[in-house]
Amino acid sequence: MAGGGGGGGGGGGGGGGGPAPPPKQDELVPHPAKDQLPNIAYCITSPPPWPEAILLGFQHYLVMLGTTVLIPSSLVPQMGGGNEEKAKVIQTLLFVAGLNTLCQTLFGTRLPAVIGGSFSYVPTTISIILAGRYSDIVNPQERFEKIMRGIQGALIVASTLQIVIGFSGLWRNVTRFLSPLSAVPLVALSGFGLYELGFPVLARCIEIGLPQLIALVIFSQYIPHILRSDKHVFDRFAVIFSVVLVWIYAHLLTVGGAYKNTGTKTQASCRTDRAGIIGAAPWIRVPYPFQWGAPTFDAGESFAMMAASFVALVESTGAFIAVSRYASATPMPPSILSRGVGWQGVGILFSGIFGTGNGSSVSVENAGLLALTRVGSRRVVQISAGFMIFFSILGKFGAVFASIPPPIIAALYCLFFAYVGAAGLSFLQFCNLNSFKTKFVLSFSVFMGLSIPQYFNEYRVVNGYGPVHTGARWFNDMINVPFSSEAFVAGMLALFLDTTLHRKDSTSKKDRGMHWWDKFRSFKTDTRSEEFYSLPFNLNKFFPSV
C-alpha cells in the first residue's frame with residue numbers, strides 16, 4: 001500500500017508567515033490491513049463467563065429459528081401435511097441442526113458456525129413435491145409421507161457430493177485459488193444476495209416489522225453509543241431485548257383484535273397465534289431416523305438435489321469465510337475448509353436420514369449475529385446447539401419460540417445479512433483498488449452476480465418456471481437453481497476471472513492480495529492455525545491437516 005507522501009505545504013500567503021507545516025506522515029497513512037479482525041470481545045478460543053455464554057447461546061438459537069420455521073411452514077402444506085406434521089418437521093430440522101452444529105464445531109472447521117436449514121434446497125424440493133407420481137394420491141397424510149421419503153432419498157444421494165468433495169481434499173485444491181479479491185464478491189453476496197428475505201418479508205406486516213428493525217438498531221448501536229459504559233449489555237443482547245419487546249407488542253395487537261377483519265395473508269404474517277404449531281406440537285418427542293418410512297430413490301431428483309447441494313456448498317464457503325473473520329480467527333487454510341465441507345456433507349446425510357425435508361448449510365444470519373455481539377466464541381455456538389436439541393425434544397416449549405411472527409425475524413435479517421456482506425467487503429483492504437484489473441474482476445462479478453439471478457427469479461415469478469424449461473424437470477433444476485443464487489454466480493465468476501487473468505509476476509499477486517494469504521495456504525506455515533483449527537482430543541495425530 002502506497003502511503004500518500006505529504007504534498008508540499010501551501011506557499012505562505014502575503015503576510016510573511018512561513019509555509020504551513022506539512023501534514024504529519026502518520027495522518028496520511030491508510031488504515032493498516034489486519035489478518036485478524038480487531039475489537040472482538042471473545043475470539044474462538046476464549047469463552048465468555050457461563051451466564052453470559054448461556055444467554056448468548058440462547059440468542060443464537062432464537063436467530064436460527066427463523067429459517068428453521070419458515071422453510072417447513074412453506075413446504076409442509078404443499079406436501080399435504082397439516083399442523084401436526086409441520087410441528088414434527090420443524091422439531092426434526094431443529095434436532096438435526098443441533099447435531100450438525102456440534103459436529104461442525106468439534107470436528108469440521110471448528111468455527112463458531114451454526115449449521116441450519118437452507119433456502120438453496122427449496123426449489124428442488126418443490127420440484128419433488130410437484131412430481132407426477134404423487135399427484136394421484138388422495139389421502140393427504142399418505143401423500144405427505146411418500147413425498148417426504150422421496151426428498152429423503154434425494155438428500156441421501158446428494159450428501160455424497162459434499163462428503164467426497166470435502167474429505168477427498170478436492171475442495172482444498174479449488175479454494176487454494178481463492179484470493180482476497182475473488183473472496184470479496186463471494187462473501188459479500190452470500191450476505192447482500194439474500195436481500196429478498198429482508199425488507200420484503202418485513203413489509204408483510206409493517207407495523208411489527210419496522211418497530212423491530214428500529215428497536216434492534218437502537219439497542220445495538222445508539223444506546224451503547226450514548227451510554228459508553230464498559231458493560232456491553234445492550235449491544236450484546238440487543239436481539240433478546242428487541243424481540244421480547246416487539247413480540248409483546250405484536251401479541252397485544254393480536255389480542256386487542258387489530259387483525260379481526262384483515263385478509264388471511266396479513267393474519268398469517270402479523271398474528272402471534274397463527275402458526276398453529278403450539279397446539280400441534282407434542283410435549284416430548286425424540287426425532288429418530290427414517291421416522292416417515294424407508295426413503296425412495298429417483299435418479300433425476302438425486303442429480304437435481306446434487307446441484308442444489310453444490311450451490312449450498314459455494315454459499316457455505318462464503319459464510320465460513322465471514323465466520324472466520326468475525327470470530328477474529330486467521331483466514332482458514334484450504335484443508336480446514338475442505339474438512340468443514342466434508343462434515344457438512346455428513347450433515348446433509350443426517351438431514352436425509354432423519355427426514356427434515358431440507359438440506360443443511362451454514363446459517364448466514366448467525367454469522368451476522370457474531371458481528372453484532374462481537375462474541376466469536378466456539379463455546380457459545382455449542383451451547384446454542386444444546387438449546388436446539390433440548391427444544392426439539394421438548395416440543396411445546398420449542399413451539400412457543402417458533403411462533404414468533406416472520407416479519408420480526410426478517411427485521412433481524414436486515415441487519416445480519418448486511419453484516420455478512422460487510423465481512424466480504426472488508427477483504428478489499430488486502431487488494432489494490434487502483435488496479436484496473438481489480439476493478440474489472442470486482443465490479444463485473446458483483447454486477448453479474450446480482451443481475452443474472454434477478455433475471456432467473458423474475459422469469460420464474462412471471463411464468464411459473466425457470467428460463468431452462470425442458471421436459472426433464474430435474475435437468476431444469478440443475479441449471480436454474482445455481483443461476484438463481486447470487487453468491488454462486490458472483491463467487492464462481494470472480495474465481496474464474498481472477499485465476500485466468502492474473503500474471504505470474506509479483507505486482508499482479510499483490511494487486512489480488514494473494515501475498516497476504518500465502519502464509520495461510522498450508523496449515524503448518526502459520527502457528528495461529530494450530531490454535532484456531534486443530535482437532536480436539538489429539539485427533540490431529542490421526543487426521544493431520546496439510
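I looked up Tyr61 and found it buried, at a relative accessible area of 0%; buried means under 20% relative accessible area, exposed over 50% and partly exposed in between, with a 1.4 Å probe and protein chains only. The model is predicted, so I kept to its limits: local features need pLDDT of at least 70, side-chain atom pairs count only at pLDDT 80 or more, and totals for chains, interfaces and linings use all residues. I number residues from 1 along each chain as its sequence is written, and side-chain values use heavy atoms, with hydrogens and water left out.

I searched the whole structure for aromatic pairs and got 33. Rings of Phe, Tyr and Trp (its six-membered ring) pair if their centres lie within 6.5 Å; planes under 30 degrees apart count as stacked, over 60 as edge-to-face and the rest as tilted. Tyr61 and Phe401 are an edge-to-face pair, because their planes stand at 85 degrees, with ring centres 6.2 Å apart. Tyr61 is in helix α2 (residues 50–79) and Phe401 in helix α17 (residues 395–402), so this pair ties together parts 340 residues apart in sequence. I take helices as DSSP runs (H or I, at least four residues), numbered from the N terminus.

I then checked Phe390 and Phe391: centres 5.3 Å apart and planes at 70 degrees, so this pair is edge-to-face. Phe390 is partly exposed at 45% relative accessibility, whereas Phe391 is buried at 10%. Ring pairs join Phe58, Tyr61, Phe387, Phe390, Phe391 and Phe401 into a cluster.

Gly153 and Phe297 are 144 residues apart in sequence, yet their C-alpha atoms are 4.8 Å apart in space.

I found a nonpolar patch of Phe199, Ile206, Leu210, Ile214, Ile218, Tyr222 and Ile226, with about 650 Å² of accessible area together. Helix α9 (residues 206–227) gives the patch its largest share, six residues. Ile226 lies in helix α9 and is exposed, at 64% relative accessible area. Patches take residues with over 30% relative accessible area and no salt bridge, nonpolar side chains (Val, Leu, Ile, Met, Phe, Trp, Tyr) being joined within 5 Å. A salt bridge is a side-chain nitrogen of Lys or Arg within 4 Å of a carboxyl oxygen of Asp or Glu. Areas come from the Shrake-Rupley method with a 1.4 Å probe.

Conventions. Helix = DSSP H or I, 4+ residues; strand = E, 2+ residues; numbered from the N terminus. Patch = residues over 30% accessible without salt bridge, like charges linked within 9 Å, V, L, I, M, F, W, Y side chains within 5 Å.
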